[in-house]
Amino acid sequence: WAYREHQGHVDQAVVAYRRIAGSATNATVKKQAEDLAWFHESRNNSLLSLYCRNETRIILDGRPLVIVGHPAKVVVVRVQLEPGHHALVLQAKPERYPDWVLAHLRTHHGTVLTHPNWRISYTYKGSWQRPGYDDSGWSVVGGHGIKGPPEVPFVYIEPNAYAFTISEADGLRARPDVRQEGKSFVVRHEFYLNGDSELHGAGL
């Protein structure tokens, strides 16, 4: 039904999600159906999908949301976003290759995706967790990103109903020399919701 929803059959999909949530005996299936139905209850409702091998702390507008890090699991967090200025930040601990962090924020105004044009720092200071922080001195991640994690030897990922979340976003990782030094890193991106139907910012 998630694919049918993306094809434009939203009302039918929402009815199906609610029916599945009410009858599912599998806890994972029930949660995914509930998440997808909840998304459509308000235009402020958003779904943040996270897929990271590195142990990664997720911060939205200065507020820590969750710590994730598993090569076979996508974690989805419900968030509510008012119109305005926002910052999505991923703070990752070092990990052996193949390492990656990936985020996909689905809003009613557009989608925010991890992308090689995000900013990255290994020596972050100040209020880097919050919107409005001046990260112009940070490097751009660059390159082509990591398409289609998981990577060998992690070739399995638990099935989920959040269509296109992994395929749309790029995985990001630290430079090889920094990985060898065992440094943590932060990637961040700022965006604007204008309250109508548009989302502004790079890496969308």
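Guide: A polar contact is a pair of N or O atoms within 3.5 Å. The model discussed here is predicted.

Visitor: What makes the pairing of the side chains of Asp177 and Arg175 a polar contact?

Guide: The side chains of Asp177 and Arg175 are joined at 3.0 Å, and the cut-off is 3.5 Å, so the pair qualifies. Asp177 itself lies in helix α5, residues 176-181.

Visitor: Why is Asp177 called partly exposed?

Guide: Its relative accessibility is 35%. Buried requires under 20% and exposed over 50%, so a value in between is called partly exposed.

Visitor: Which residues of strand β6 point one way, and which the other?

Guide: Val101, Ala103 and Leu105 point to one side of β6, Leu102, His104 and Arg106 to the other, and all are buried. Six of the six residues in β6 (101-106) are buried, so the strand is mostly covered.

Visitor: How do you know that β1 and β6 pair?

Guide: Two strands pair if there are at least two bridges between them. Strand β1 (residues 45-52) and β6 have six, in the antiparallel sense, with Cys52 opposite Val101. Strand β7 (residues 111-113) also meets the criterion, with three antiparallel bridges to β6; there Arg106 stands opposite Thr111.

Visitor: What lies between β6 and β7 in the hairpin?

Guide: Four residues separate the two strands, and Gly110 in the turn has a positive phi of about 145 degrees.

Visitor: How do the axes of helices α2 and α3 cross?

Guide: The axes of α2 (residues 10-23) and α3 (residues 27-39) come within 8 Å and cross at roughly 145 degrees; the crossing is left-handed. The contact residues comprise seven nonpolar, no polar and three charged.

Conventions:
Residues are numbered from 1 along each chain as its sequence is written. This is a predicted model: local features need pLDDT of at least 70, side-chain atom pairs count only at pLDDT 80 or more; totals for chains, interfaces and linings use all residues. Side-chain values use heavy atoms; hydrogens and water are left out. Axes are lines fitted to C-alpha atoms, for helices over the stretch in contact, and angles run from 0 to 180 degrees between N-to-C directions. A crossing is left-handed if the near helix is turned anticlockwise from the far one by less than a right angle, and right-handed if clockwise. Ala, Val, Leu, Ile, Met, Phe, Trp, Tyr, Cys and Pro count as nonpolar, Asp, Glu, Lys and Arg as charged, and the others, Gly among them, as polar. Buried means under 20% relative accessible area, exposed over 50%, partly exposed in between (1.4 Å probe, protein chains only). A polar contact is a pair of N or O atoms within 3.5 Å; within protein, one must be able to donate a hydrogen and the other to accept it, and residues adjacent in sequence count only if both atoms are side-chain atoms.
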